[in-house]
Amino acid sequence: GAGHAMKRRESIALSPAELAALAEAMPQQRRALTLVSGWCGPRIGEAAGLRHGDVDLEHGLLRIVQTAQYLGSQLVIGPPKSARGVRIVHMPRHVTDALADFITGKSGWKPKDLIWTRSDGQAISRHTTLKAFQSASRSIGRDGMVWHDLRHTANTLAADAGASQATLQARMGHADPKVSAIYLHTSTSHDRD
């Protein structure tokens with residue numbers, strides 16, 4: 001029913017310059033996460049579930065195979081939202097570089113170690129980033145954004161780069177092309193081009 005629900009607010013899709021400014025306004029430990037989310041489009045639970053072994057920096061790939069989400073205060077590790085949610089997503093070079101810098105800034109990684117954690121070592125959630133994200137989005141003139149808007153941004157940027165509907169659907173992990181279309185927004189620069 002995702003394609004039929006009434007919208008409470010209009011989703012936001014950032015331009016590449018706005019996304020870069022947003023990432024720069026985030027705390028250092030959340031910049032690569034912001035870029036991965038804004039260019040590659042994982043759901044926050046999918047990003048939270050990324051492990052060191054799910055990242056291929058040599059080829060610029062993310063393997064989305066699990067989620068890490070909280071039900072109340074209980075951390076639940078499980079599969080993505082749907083069978084199509086298990087996927088490989090290619091990262092742009094600058095995102096791969098930012099993620100490589102973040103990963104190499106820490107030592108002793110094991111393949112099952114989560115990439116992004118809270119200060120207590122547990123998986124992140126959208127609440128982990130909420131205060132910093134609100135401040136950063138306000139600083140770039142986009143007050144009222146929510147983390148999920150980065151998923152809209154990623155799909156729109158991929159479409160602007162020429163991705164087909166099938167590619168967009170695969171990148172987002174959607175079974176229904178109508179759902180992928182919800183994540184498309186017009187881009188003034190793409191319209192001008």
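This is a predicted model: local features need pLDDT of at least 70, side-chain atom pairs count only at pLDDT 80 or more; totals for chains, interfaces and linings use all residues.
I take buried to mean under 20% relative accessible area, exposed over 50% and partly exposed in between, with a 1.4 Å probe and protein chains only. By that rule I find both Phe102 and Trp116 buried.

**Ground rules.** I number residues from 1 along each chain as its sequence is written, and side-chain values rest on heavy atoms, with hydrogens and water left out.

**Overall.** I count 9 helices and 5 strands in the protein, where helices (H or I, at least four residues) and strands (E, at least two) are DSSP runs numbered from the N terminus. Along the sequence I read the pattern as α-α-α-β-β-β-β-β-α-α-α-α-α-α. Of the 193 residues, 44% are buried. For the accessible surface I note about 10300 Å², with 53% of it belonging to carbon and sulfur atoms; these areas come from the Shrake-Rupley method with a 1.4 Å probe, and for residues only the protein chains shown count as cover. I call it a contact when heavy atoms lie within 4.5 Å. Among contacts between residues at least 6 apart in sequence, 65% join residues at least 24 apart.

**Aromatic pairs.** I find 2 aromatic pairs in the structure. Why is the pair of Phe102 and Trp116 called stacked? The ring centres of Phe102 and Trp116 are 6.1 Å apart and the planes stand at 25 degrees, so the pair counts as stacked. The rule I apply is that rings of Phe, Tyr and Trp (its six-membered ring) pair if their centres lie within 6.5 Å, with planes under 30 degrees apart stacked, over 60 edge-to-face and the rest tilted. The pair links distant parts of the chain, since Phe102 sits in helix α4 (residues 93-104) and Trp116 in the loop between α4 and α5 (126-139), 14 residues apart.

I then looked up Gln28, which is found in helix α2 and counts as exposed at 55% relative accessibility. The C-alpha atoms of Gln28 and Phe102 are separated by 8.8 Å, although the two residues are 74 apart along the chain.

Thr34 has its place in helix α2 (residues 28-40), and I note it as buried because its relative accessibility is 0%. Beyond its neighbours within four places in sequence, Thr34 is in contact with Leu19, Leu22, Ala23, Met26, Trp147 and Leu150. Thr96 lies in helix α4 and is buried too, with a relative accessible area of 2%. With neighbours within four places again left aside, Thr96 is in contact with Leu57, Gly60 and Met91.

**Second largest pocket.** I define a pocket on a 1 Å grid over the protein atoms alone, as an open set of points where a 1.4 Å probe fits, with protein on both sides within 12 Å along at least five of seven lines; lining residues have an atom within 4 Å of a point. The second largest pocket has a volume of about 570 Å³, meaning the space filled by probe spheres set on the points, which are joined across faces, edges and corners. Its lining holds 28 residues, with Ile44, Gly45, Gln69, Ser125 and Arg126 lying nearest the centre. Which element gives the most to this lining? I find α5 gives the most, with 6 residues, and α3 (44-48), β3 (67-71), α5 and α6 (149-160) each supply at least two. By class I list 14 nonpolar, 9 polar and 5 charged residues, where Ala, Val, Leu, Ile, Met, Phe, Trp, Tyr, Cys and Pro count as nonpolar, Asp, Glu, Lys and Arg as charged, and the others, Gly among them, as polar.

**Ile44.** Ile44 has its place in helix α3 and is buried, with a relative accessible area of 19%. Residues up to four places away in sequence not counted, Ile44 touches Ile124, Ser125, Arg126 and Trp147. From Ile44 to Thr67 I note 8.4 Å, C-alpha to C-alpha, across 23 residues of sequence.

Val76 lies in strand β4 (residues 74-78) and counts as partly exposed at 35% relative accessibility. Val76 touches Thr67, Ala68, Gln69 and Leu71, not counting residues up to four places away in sequence. Asn155 is in helix α6 and counts as buried at 1% relative accessibility. Asn155 and Leu168 are 13 residues apart in sequence and 6.5 Å apart in space, C-alpha to C-alpha.
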